[in-house]
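We will go stop by stop.

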Amino acid sequence: MASQIHAAYLDPILTRYQHNPHHLLQILREAQEYFGYIHTDAMGYLSQQLSLPRAKIAGVAGFYSFLSDRPQGEYRVLFSDNITDRMLGSVDLMTQFCAQLWVEAGKVSEDGLLSVATTSCTGLCDQGPAMLVNNIAINRLTPERTTAIAELIRERVPVSAWPALFFAIEDNIQRKDILLNGEFQSGTALAALLQCGDEAILREIQVSKLRGRGGAGFSTGKKWEFCRDAQGDAHYVVCNADEGEPGTFKDRVLLNRYADQVFEGMTLCARVIGAKLGFLYLRGEYRYLLAHLQVVLQQRRSQNLLGKSILGQADFDFDIDIHLGAGAYVCGEESALIESLEGKRGTPRNRPPFPVTNGYLNQPTVVNNVETFAAASLIALKGGEWYASIGTAVSSGTKILSVSGDCARPGLYEYPFGVTVGQVLADCGAQDTQAVQISGASGICLAPAEFNRQIAFEDIPTAGALMVFDQSRDMFEVARNFVHFFAHESCGFCTPCRVGTSLLANMMDKLAQGHGSPYDFAEIEKLNTLLQSTSHCGLGHAACNPVLDTIAKFRPAYQKRLIHHEFVPAFDLDHALLQARQMTGRDDSGAHLERSDESR
Amino acid sequence: MSELDKFAPSPLTPLPQVGEGNEVKKLKVATTSLAGCFGCHMSFLDIDERLLELVKLVEFDRSPLTDIKHCGPCDIGIIEGGLCNAENVHVLREFRANCKILIALGACAVNGGLPAQRNHLSLATILEEVYHAQHGLVDGFIPNDPELPLPLDRVHPIHEVVKVDYFIPGCPPSGDAIWKVLTDLLAGREPELGHGLIHYD
Amino acid sequence: MNQDKLETFTLDGQPIPFSAGQTIIQAAMAAGVYIPHLCFHPEFKPHGSCKLCTVKVNGRQTASCTYFAQANLVVESNITELNDERRALLQMLFVEGNHFCPSCEKSGDCQLQATAYELKMMSPHFDHFFPDRPVDATHPDYLLDFNRCILCSLCVRASRDVDGKAVFALSGRGINSHLIVNAESGNLVDTDFSSTDKAAHICPVGVILKKRVGFAVPIGQRRFDAQPISAQPLSKEDV
């Protein structure tokens with residue numbers, strides 16, 4: 001009987017996904033959205049319907065932060081916990097919110113009304129602090145707005161009836177260049193393609209020297225060519241819109257306002273490599289963009305820019321599915337993303353082989369960044385040479401930067417490659433800047449002496465996050481926030497990252513709690529080396545970057561945490577007796593342990 | 001990056017060498033058992049007749065062997081057992097403050113051992129179960145005499161609370177392993193346990 | 001095939017012959033040279049998760065179980081720098097779970113323990129997590145003690161690839177990753193696990209244990225009492 005309840009909502013979902021086990025993550029995500037969590041009977045039903053072992057389904061559900069196998073609140077409130085949210089007061093707001101609703105962070109309220117927790121950066125750093133309520137983003141939290149939300153929840157007003165203003169996510173485009181100036185007309189790049197042929201378009205992409213905008217900077221033309229030349233039963237195009245790097249939000253804007261240009265770039269790629277199917281892998285935090293993107297796709301189908309016989313070409317069939325992530329930063333890594341697309345846990349694969357030969361369903365697959373596809377459309381339209389003439393010799397074109405933190409005008413800034421960090425700071429109205437974190441938590445942290453460095457693959461390669469910290473900020477706390485981010489997002493596959501990121505977070509907490517000594521400092525440095533040299537993927541390699549950079553450049557922030565000359569425990573010994581004191585009612589001197597300063 | 005010792009053991013603290021100079025100055029050694037079972041001390045006695053050789057080289061300070069109650073300045077401190085209560089912490093601190101070299105002897109000192117098997121339960125649950133809820137208890141109460149050391153909320157191996165120089169794992173470590181480490185240290189060598197001497201059970 | 005026609009790479013200066021498609025660790029094992037490992041097993045597709053088998057290939061560190069052998073590679077393995085890192089990885093595994101060897105039936109026959117002896121791991125070094133993990137004694141013939149799981153996934157692979165079942169799977173993420181079994185109750189007894197499964201005999205540590213046979217082999221005669229793990233690069237079940 002119980003399973004009938006679940007069959008009722010699962011059947012339409014299963015039908016929509018053709019009972020395809022590769023769509024397990026999408027099915028689970030929708031099940032969670034409908035029912036509030038993945039009920040054990042739902043798991044059993046899916047296991048039977050998809051012919052998948054229950055343990056496999058549970059393993060997938062257990063991997064993604066936004067999926068849960070036990071009841072959540074009717075209202076699931078997640079405060080974005082990026083350092084930029086914290087700088088805008090998110091910690092106090094969450095404390096206030098929890099107090100107003102008598103709920104403890106990390107738990108479900110006793111009446112089941114709501115649950116409150118934190119989540120990794122939601123990509124609203126330019127308009128934070130932000131939260132997700134039942135996966136829908138709310139920006140610009142203030143004590144007033146948070147109070148109003150608490151009231152709406154207490155009165156059980158459905159989220160759909162909340163003031164639209166709460167959900168008014170702004171694009172915040174501050175500086176436009178070739179990509180953002182909005183000249184692109186849908187269909188024009190495809191028309192150019194059909195006019196000159198896909199071989200010529202590939203050549204234009206190669207001539208343009210376009211490099212991947214996810215940060216690694218692999219040549220887009222080469223990637224398309226390798227993929228086209230790879231043998232397979234089918235080829236696939238994947239657009240990586242899982243921008244989880246803290247501080248990045250350009251894809252949010254590109255997909256909100258320039259989706260046509262992105263989809264057109266994917267379609268160009270499809271034609272070049274011979275793909276019939278493409279995926280937009282959209283991070284779960286951008287769930288609110290889904291309806292809009294579906295409309296754009298539908299429009300493109302009705303304009304014959306997608307679907308069968310695109311623009312009347314009998315051999316040109318291509319369509320795009322949108323897959324949503326469910327709260328896993330590691331899925332931004334292309335092989336983990338493909339695993340996720342296949343409905344699995346988002347564990348990065350062993351490479352080689354690379355996705356261009358063995359990607360989605362083990363077939364040749366191009367995975368490109370949102371911005372890369374948008375640029376490809378422009379190149380098809382205006383030519384490779386034109387594009388190559390912009391930027392620097394090895395970094396052609398423009399780069400969109402997501403600027404947030406301590407500056408007057410946060411938002412998107414598009415510059416030709418080669419722009420200096422100092423120029424960006426001047427344009428965004430940053431004053432008294434102490435540090436700039438580029439490329440998010442895994443990127444690099446610059447001190448003022450380096451502000452003359454350039455945004456370019458030959459100097460500072462970046463997916464575009466640029467977080468500004470003024471002199472009032474504590475760079476140790478910045479690094480600590482990032483280290484916790486990595487511990488939370490580690491997929492757990494390899495030993496060094498699974499255990500090491502948590503050890504690192506604990507060590508940083510130890511310093512923060514006043515238990516630091518030079519011993520811990522040396523330990524952190526040793527751990528950093530180990531993570532960098534033995535981790536399975538970039539997440540583990542990068543997990544130490546924020547610490548290494550801030551140690552090197554902002555050492556006083558650490559020095560003041562090395563309070564003790566000699567090793568002291570990571571925990572407070574006196575506090576370790578608290579439970580025993582409470583149980584015995586004792587408070588005599590023997591019931592306490594003094595701090596261990598006097599010990600060596 | 002600084003020149004770090006990676007994950008190698010900490011560098012040897014220099015000990016005064018036996019037989020240096022004209023007079024033979026004996027090294028001072030202290031031993032204790034914290035949250036342990038004295039099994040490691042029993043194993044220590046398993047070095048048998050080599051004890052006679054040892055006492056030519058060392059003099060025992062605080063130890064169950066001497067019944068000296070507090071530790072004075074020593075060259076080597078040997079700790080059996082982990083930290084289960086406040087008194088364990090006091091004794092460990094006394095040893096750390098007085099001993100040039102501190103050795104964790106046996107599983108409990110090294111990783112918490114058997115006592116640490118309680119760590120997945122809250123102390124409150126344990127005390128409730130033992131003194132209130134257990135079948136057959138009438139008017140049970142949790143002892144609160146100030147003479148009694150209060151238990152810590154978790155059992156800790158000693159390296160989580162003080163810096164430890166050397167570790168001899170085993171439950172217990174064999175007399176041979178203990179002898180090997182001590183003689184290595186007395187000879188100024190980095191202690192090393194080969195196959196068969198290093199074991200965790 | 002004539003032995004000297006095989007191409008070779010060098011491992012710590014020693015030439016190691018290999019055939020096409022062999023990874024570094026496979027070629028090394030075939031040549032009787034030990035590279036520390038836990039998640040690697042000769043019968044299974046390399047996994048590359050424990051990272052114990054990390055070596056330097058032409059100066060760059062990589063897992064030797066997933067790196068294909070090529071002619072003239074210069075591979076370093078048994079060097080202080082790598083052994084120090086391997087020891088740290090072992091220490092991570094020890095503090096991540098609850099490894100109380102004195103009470104473990106697998107002691108003396110445990111790859112984690114033997115590898116730690118090999119690399120002279122004298123202490124866990126880090127602070128322990130002391131996680132709260134369950135024991136599943138529901139099955140009449142087998143016990144699961146999750147406290148000792150090192151997430152090598154050999155049981156997952158054995159059940160899936162050899163037994164054609166899916167008794168085991170990984171769930172959770174990061175430090176909360178954990179092994180689960182394929183039953184609504186979460187109990188082994190409710191799965192199709194059988195004592196004849198490959199998965200019943202693959203665990204390198206003491207998670208999957210046959211009941212009523214524990215401690216049958218006296219101390220001194222257990223697998224790794226006799227010889228260190230490096231002297232038995234191919235175990236009896238491996239050949």
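Two strands count as paired if DSSP finds at least two bridges between them. Keep in mind that this model is predicted.

**Stop 1: a sheet in chain A.** Select S1, S2, S3 and S4 of chain A. These 4 strands form an open sheet with mixed pairing, in the order S2-S1-S3-S4. Its edge strands are S2 (114–119) and S4 (136–138), each of which pairs on one side only. From one strand to the next, the twist averages 25°.

Now zoom in on S1(A), residues 75–80. S1(A) and S2(A) pair in the parallel sense, over 6 bridges. Click Tyr75(A): its bridge partner in S2(A) is Leu114(A). Strands of a sheet pair through backbone hydrogen bonds, either parallel or antiparallel.

H7(A) lies across S1, S2, S3 and S4 of chain A. The helix runs at about 165° to S1(A).

Stop 2: Select S3(C), residues 54–57, and S4(C). These strands run antiparallel, joined by 4 bridges. Which residue of S4(C) is the bridge partner of Lys56(C)? It is Gln61(C). The hairpin has 2 residues between the strands, and Asn58(C) takes a positive phi near 45°.

Now look at the two faces of S4(C), residues 60–63. Gln61(C) and Ala63(C) make up the covered face. Arg60(C) and Thr62(C) make up the uncovered one.

**Stop 3: a loop residue.** Select Phe316(A). This residue is in the loop between helix H13 (290–302) and strand S8 (319–324) of chain A. Is Phe316(A) buried or exposed? Phe316(A) counts as buried, because its relative accessibility is 2%. Beyond its neighbours within four places in sequence, its contacts include Leu190(A), Leu193(A), Leu194(A) and Arg271(A).

**Stop 4: aromatic rings.** The whole structure holds 27 aromatic pairs over all chains. Select Phe35(A) and Tyr37(A). Their ring centres are 5.4 Å apart and their planes are at 50°, so the pair is tilted. Phe35(A) is partly exposed at 29% relative accessibility, whereas Tyr37(A) is buried at 16%.

**Stop 5: charges over rings.** Select Arg283(A) and Tyr286(A). The charged end of Arg283(A) sits over the ring of Tyr286(A), 5.4 Å from its centre. Finish with Arg173(C) and Phe63(A). Arg173(C) lies over the face of Phe63(A), at 5.8 Å from the ring centre.

How values were computed
Residues numbered from 1 in each chain as written. Chains lettered and ligands numbered in written order. Predicted model: local features only at pLDDT ≥ 70, side-chain atom pairs only at ≥ 80, totals over all residues. Heavy atoms only, no water. Buried < 20%, exposed > 50% of the residue type's maximum accessible area, 1.4 Å probe, protein only. Contact = heavy atoms within 4.5 Å. Axes fitted to C-alpha atoms, helices over the stretch in contact; angles between N-to-C directions. Phe/Tyr/Trp six-rings, centres within 6.5 Å; stacked < 30°, edge-to-face > 60°. Lys NZ or Arg CZ within 6 Å of the ring centre and 35° of its normal.
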